[in-house]
Amino acid sequence: MRNVVIVGAQWGDEGKGKVVDILTEKANMVVRFQGGNNAGHTLVVGGEKYALHLVPSGILHPGKSGLIAGGVVIDPEVLLEEMDELMGRGVKISPENLTISEKAHVIMPYHKALDQARESRKGADKIGTTGRGIGPAYEDKAARVGLRMGDLRNPAAFREKAAHALIEKNHLLTGLYGAPALSAEDLTAQSRLWAERLGPYLGDTRRRLHQALERDDKILFEGAQGVHLDLDHGSYPFVTSSNPVAGSVTVGAGMAPQQIGGVLALVKCYSTRVGAGPFPTELHDATGDHLRSKGAEFGTTTGRPRRCGWLDAVIVRTSVELCGVDHLAVTKLDVLAGLPELKIATHYLLGGEKIDWIPADVRDMERCQPVYESWPGFDGDLSKARKLEDLPAAARRYLDRLSELCGAPLGLVSVGPDREETIILHEYF
Ligand code: GDP
Ligand code: IMO
Ligand code: MG
């Protein structure tokens, strides 16, 4: 397999950053293809923690190249901060190893202001977005009024377009949302800095990708978010504004469907969700608290406590179908240790009917009651396990059943946040 698409099979935060980091060791290139800095991918390398939002996780390895492809939306402010922080920690980042697509859309300050203003106006009905301007930036892309990274090549035209956009955005911000207006002068000053610093990184990521494909390079596609936050396939409207499904790599990175080598889906062995929306297996009891505190389930991007619950096989199985998943990378098995009983939802009850699919209407999904299977728990420190046989028998049985119910074989099992704390079952490259 020469390239692998990494996707999150649940609602994000499954541990994609860690697994991309491990696979990067043997890869030549890592590509971000959708989403923006709503993503927060945590990597722990030699006990040191890195939280990445836009820079492809592979950049931590010397000699690898990273692409931020056209399907991504970029907040230049956040990208520069992230690059500075990484470079300050000794990570080499230059136009040699990072290319940013000219076609990627820019998250402008007014996108962030609108995202936040809308959410606070919605009150109890809010989506619980990350407030990073993701939705408004993709809206402008679809409405064909967005600014693209390539526009930074012509700073005068960029500033003119931005100032023009501000007329409408300020009208909304002040008139409808009672938020302060943004100043065209501030935008101009910011965009000058963005153009100066990011200009050298701009390029045709699609061509770079095709050259790499022709060389038969090993490529990792680093998905962001999770399949159930997908704009088309998730629990709309409690979703993000991009498509985290695997097929989205063809549009976001610019390649043919036949060129996808394989799909690895990240599955946390329990469920979490940040933000609002249906979550059939959510726990509001001591077990939920155990998962949150032992699993350190607090958002990488926003610091919000994550909602926690049992593993939902209906959710993961649907992702396996949607993405053509070849293997599952199961994370956080160590977090389950200490619980006397483990549950997996196999079906739902909706109005008395047993269903094994997800209703399209979010109100119906809110009414779904999980039907559980119970499995005996296990105990002990799992973090030293490097092969399946090192795990307690009950943990192995849980993994076997997870794989069976979700409909794909195991490729990797993670037993701790560090690179080393991993059981590799399938070699990708
Ligand atoms: P991503 O968005 O999918 O990359 O996931 P996040 O980085 O937002 O959240 C996953 C969190 O779990 C991070 O803090 C990781 O360091 C951590 N993590 C990943 N795998 C494991 C594991 O197997 N066990 C434990 N305890 N933590 C893990
Ligand atoms: P990673 O890549 C978890 C969620 C938000 C909110 C919804 C919409 O780290 O897995 P948005 O700001 O995208 O408009 O918010 O999507 N969300 C995530 N949840 N992990 C993420 O990324 C997420 N990115 C967005 O919490 O519910
Ligand atoms: Mg995350």
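Mentor: One definition to begin with: Ala, Val, Leu, Ile, Met, Phe, Trp, Tyr, Cys and Pro count as nonpolar, Asp, Glu, Lys and Arg as charged, and the others as polar. Keep in mind, too, that this is a predicted model.

Trainee: What makes up the lining of the largest cavity, by class?

Mentor: Five nonpolar, two polar and one charged residues. The lining consists of F158, R159, A162, A163, A184, L187, T188 and S191. Arg counts as charged, so R159 in the lining belongs to that class.

Trainee: How many cavities of 30 Å³ or more does the structure hold, and what volume does the largest cavity have?

Mentor: There is one cavity of 30 Å³ or more, and the volume of the largest cavity is about 40 Å³. Helices α5 and α6 each supply at least two residues of its lining.

Trainee: How do you know that α5 and α6 meet?

Mentor: Contact means heavy atoms within 4.5 Å. On the α5 side are P155, F158, R159, A162, A163 and L166, and they meet A184, L187, T188, S191, R192, W194 and A195 of α6. By class, this contact has nine nonpolar, two polar and two charged residues. As for the geometry, the axes of α5 (residues 155–176) and α6 (residues 184–198) come within 10 Å and cross at roughly 145 degrees. The crossing in which α5 passes α6 is right-handed.

Trainee: Why are α3 and α5 called roughly parallel?

Mentor: The axes of α3 (residues 109–122) and α5 come within 10 Å and cross at roughly 15 degrees. Angles under 35 degrees count as roughly parallel, and therefore α3 and α5 get that label. Here α3 passes α5 in a left-handed crossing.

Trainee: Which residues make that contact?

Mentor: From α3 come Y110, A113, L114, A117 and R121, while α5 brings A162, A165, L166, K169, L172, L173 and L176. By class, the contact of α3 with α5 has ten nonpolar, no polar and two charged residues.

Trainee: What joins Y236 and P237?

Mentor: A cis peptide bond, with omega about 10 degrees. P237 lies in the loop between β10 (219–222) and α8 (248–254). Most peptide bonds are trans.

Notes: Residues are numbered from 1 along each chain as its sequence is written. Chains are lettered from A and ligands numbered from 1 in the order in which they are written. This is a predicted model: local features need pLDDT of at least 70, side-chain atom pairs count only at pLDDT 80 or more; totals for chains, interfaces and linings use all residues. Side-chain values use heavy atoms; hydrogens and water are left out. Axes are lines fitted to C-alpha atoms, for helices over the stretch in contact, and angles run from 0 to 180 degrees between N-to-C directions. Helices (H or I, at least four residues) and strands (E, at least two) are DSSP runs, numbered from the N terminus. A crossing is left-handed if the near helix is turned anticlockwise from the far one by less than a right angle, and right-handed if clockwise. On a 1 Å grid over the protein atoms alone, a cavity is a set of points where a 1.4 Å probe fits but cannot get out, and a pocket is an open set with protein on both sides within 12 Å along at least five of seven lines; lining residues have an atom within 4 Å of a point. Grid points are joined across faces, edges and corners, and a volume is the space filled by probe spheres set on the points. Angles under 35 degrees count as roughly parallel, over 145 as roughly antiparallel, 65 to 115 as roughly perpendicular and the rest as oblique.
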